[in-house]
Every structure is written in structure tokens, then in C-alpha cells.
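Hello,

Here is the structure I promised to pass on to you. Have a look at it first, and then read my notes below.

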Amino acid sequence: MRVLIVDDNGRRVAIVKNLVERSALAYDDLVCVRSASEARQCLAKEKFDLMLLDLRIPGRIDEDADVAHSLQLLAEIDAGEDLLMPGKIVGMTAYDDAAEAAKQTFRESTWTLLPTSDFTDSWADTIVKCANYLKRERHQRDQEEESVDVLIVAALASEIDAIKSLDWSWGAWEPADDTVFISRGKFEANGKTFTVAAAHASRMGMVAAAVLTSKLVSILSPKICVMPGICAGLPERAEIGDVIFAECSWDYQSGKHAVDDDGGTVFHQDPHQISVDAKVIARIDQLAKDAASLRGIWDKWPNKPKNPYEVKRGPMACGSAVLANSDYVGWIQKQNRKIRAIEMESYGFLHAISEANEPRPTAIVAKSVCDFADNLKGDDHQAYACYTSARTVGLFLERYADDLR
């Protein structure tokens, strides 16, 4: 926050002291000048959040102070031609004749006229309150400028690359903070423009996903959060390329390792499930019925599988290890017989959103099957799965973002 103090007497010392000590402004944020001429030079180069103006100042530093110089400066500011208009102007005077001369000007322009005194600094309370209000307003405005409608978070760069292949006017990568970069874009839904930001974690897993999601939700205040990407499917419940929308997710490794009565080891499962909103589920079901649109996405992939992919929903188990063991998959399946997919990030993503401040964003997980977590696990279908996930997420948001925001 930048403050211009135009004052040619000792009042500016009290102003600076109060703003630094009580409004936590830095000395470098306060610019002090003593004449209308110096004020013009500052206002010609910089837009200030607040200007504190003594009503009796000299036109130039070698001239006598007169209210006419302040009024002329205010007229030039009000004209808005050569000088950058401050966000707020507070006029200060201890002289009744100066206040009377400036009263009409301040009333017409809805500026603030503040009586001061050479015998007390109580008037400084008003300046401090004004500065604190402007600081909060600027912080709120900065947050609104940073915010997006939709945040897309993925574990892998390839998953976000597929998202960025959507025709959503993506910009260059930019820092969101010291360690996270985002790319911003926008898309149309129901005749409205939605802003979007995409980012991927530095590594796979629940912890990285939770940390990234938590940070970006705090910074960007999204209305909707989406996790696309790849997952392992259950052979009897999904096919390669099918996009699985999570109804719920849990950490399948959660529980207690103990010793049984025979001295052997035993694991007592204690999965904690996080569910997605029912309004998301309803729209997943609608999208799943649109076979023509899904076939259109499938048809554009070169060397596509024999059959078009489908949109399905169901429980999604989450763990910290890459799985290539069908026996272990069978053990996980005992936690929820309706499970459709297994992957490594969804629980951390959903947990971060469930712990976010109100208003919490709507959470969506939509991952595509690239393997079946068995000994045949490989990377052959990852690009196709990233593609179907990204295109389905794009279709879903372009149809339903306005409902879910």
C-alpha cells in the first residue's frame, strides 16, 4: 500500500509514526513531500492508494503556504488528465478558514475533510483507521484478482499436459508461490466465461496431492476442484480408457498392525471414506448416458482400442504404493466390494478440500484406467488414459460448471 503525504509542517512526523506503528506500513511505502509542485511530480508517475493533503501548502517549496495551492492541485487530480488519481484523498487542516474554503470542493468530490490540532494527535486515529481499511480492501481485491472458478490438480506432468491440450486459452506457467507454478486459462459454459488454473505435483502420492491442493485452494479460492489422470481398474468392473469418477475415496492402508493370539502379525483395517457431493454424482450419470459425445472423443484418438470408452462411477481406493499384484488388489477389494479403481492421490486431494475454509469448493475426481494393477502392468495405455480423462473432464465442466460453481 502506497501513501502520499503532502504537508509542510511537523504534522507529517506524527502521521508517519502512527502509520508505521499502528498500520504496519513500511517507511518505504510512505512518500512525504512539502509542496503542490512536488505532489504533482509524484502523482504524474505513480497511483497512490491514499493521499493525505494539508490544505495550506506552498505551490513551490520557496512560496508561502496557501489553501489555493491545495485546491488547484485537487482540481487537476479531479480532471484526471495528467495526474494519476489516488484511491482516497483526506484533507487535513487546523484552520477554520482553510476548512471553510475547501468544504464545497470536498463535499462535491466525496473526499474526506479531517480537522487536526497542534495540541493533540487524536486526529491521527482517523488516519490509522482509514489506512487499515484500505489495506484490508486491497488485500481482498488482490485475492479476487488471483482467484479462479476451477482448479485442476494432477499428480503427473503428462496428466496436466493432456488437460492443457483442451482449447481453453492457456497461458504460460507462472508462480503461484515460491514453489508452485500454475497455468491459467478460461472456457465457456452455458454462455458464461469460467477461469481455470492447472498444476501438477512434484511427485506422486497422497501427501504431495494434499499439500498442493491445500496451498492452491488457499491462494486461488476456486469454486470447483478437479483431479484428472490415470488409475488402475478392476478387471471385471472397468476397461482400458474408461473414465472412473470417484463416488468416494479412502486410504486402503489405514489401520493398525498388531500381533494376534498366536504371535503372528495381523492388520486391522480402519478405512476412512470421503464422499463427493451428490450433485456431482447426478451429473456424472447424465454424462455417462451421452454415448455419442464420448464416442466422438474416442474416435479422435489414433490407434484407438476396439470399443469406445465409457464413463463410470464408483468407490476409488487410494494408497501410497504402485501396485502390480492382483492378489493385493483382491485384499483391497475386500474393503469395498463395489470398488472400481485404485490409484495414489484421490484421498489426499479430497481430504485437503474437506478441510478447506468455507466456502469449500466442489470436488471432482475423474481418472482413466490405464492398467489393472497386475503383473502385466505397463505404460502402454497411459497416453490414451490421460487423453480420455482430460477430454471427459473438459466435456463435464463445459456442461456442468455453472451448476456446480
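**What I found**

Alanine 24 is exposed, with a relative accessible area of 60% (buried means under 20% relative accessible area, exposed over 50%, and partly exposed in between, with a 1.4 Å probe and protein chains only). Alanine 24 sits in the loop between α1 (11–22) and β2 (helices, H or I with at least four residues, and strands, E with at least two, are DSSP runs numbered from the N terminus). Its phi is positive, about 55 degrees, although alanine 24 is not a glycine.

Before going further, a word on the source: this is a predicted model, in which local features need pLDDT of at least 70 and side-chain atom pairs count only at pLDDT 80 or more, while totals for chains, interfaces and linings use all residues. Residues are numbered from 1 along each chain as its sequence is written, and side-chain values use heavy atoms, with hydrogens and water left out.

The protein has a mean pLDDT of 92, and 98% of its residues reach 70 or more (pLDDT is the predictor's confidence in each residue, from 0 to 100). Among its elements, the highest mean, 98, belongs to strand β8 (residues 150–154), and the lowest, 74, to strand β15 (residues 265–269).

Threonine 110 also has a positive phi, near 55 degrees, in a residue other than glycine. You will find threonine 110 in the loop between α4 (96–108) and β7 (112–115), where it counts as exposed at 67% relative accessibility.

Helix α4 itself holds alanine 102, which is buried, with a relative accessible area of 0%. Leaving aside neighbours within four places in sequence, alanine 102 is in contact with Leu55 and Leu71 (contact means heavy atoms within 4.5 Å).

Next, helix α2 (residues 36–45). Which of its residues are buried? They are Ala36, Ala39, Cys42 and Leu43. Seen down the axis of α2, these fall within an arc of 120 degrees, so they line one face of the helix (the arc is that of the directions from the helix axis to the C-beta atoms). Gln41 and Lys45 are exposed on the face turned away from the buried side. The cover over the buried residues of α2 includes β1 (3–6), β2 (30–33), β3 (50–54), β4 (57–58) and α3 (67–79).

Cysteine 370, in strand β19 (residues 362–371), is buried too, with a relative accessible area of 4%. Not counting residues up to four places away in sequence, cysteine 370 touches Ile230, Cys231, Ile240, His381, Gln382 and Ala385. One of these, isoleucine 240, is 130 residues from cysteine 370 in sequence, yet 5.5 Å away in space, C-alpha to C-alpha.

In the loop between α11 (346–354) and β19 is proline 359. The peptide bond that joins glutamate 358 to proline 359 is cis, with omega near 0 degrees.

Proline 359 also brings us to the largest pocket: it is among the residues nearest the pocket's centre, together with Val217, Ser221, Asn357 and Pro361, out of 18 lining residues. (On a 1 Å grid over the protein atoms alone, a pocket is an open set of points where a 1.4 Å probe fits, with protein on both sides within 12 Å along at least five of seven lines; lining residues have an atom within 4 Å of a point.) Helix α7 (residues 206–220) gives the largest share of the lining, 3 residues.

Enjoy exploring!
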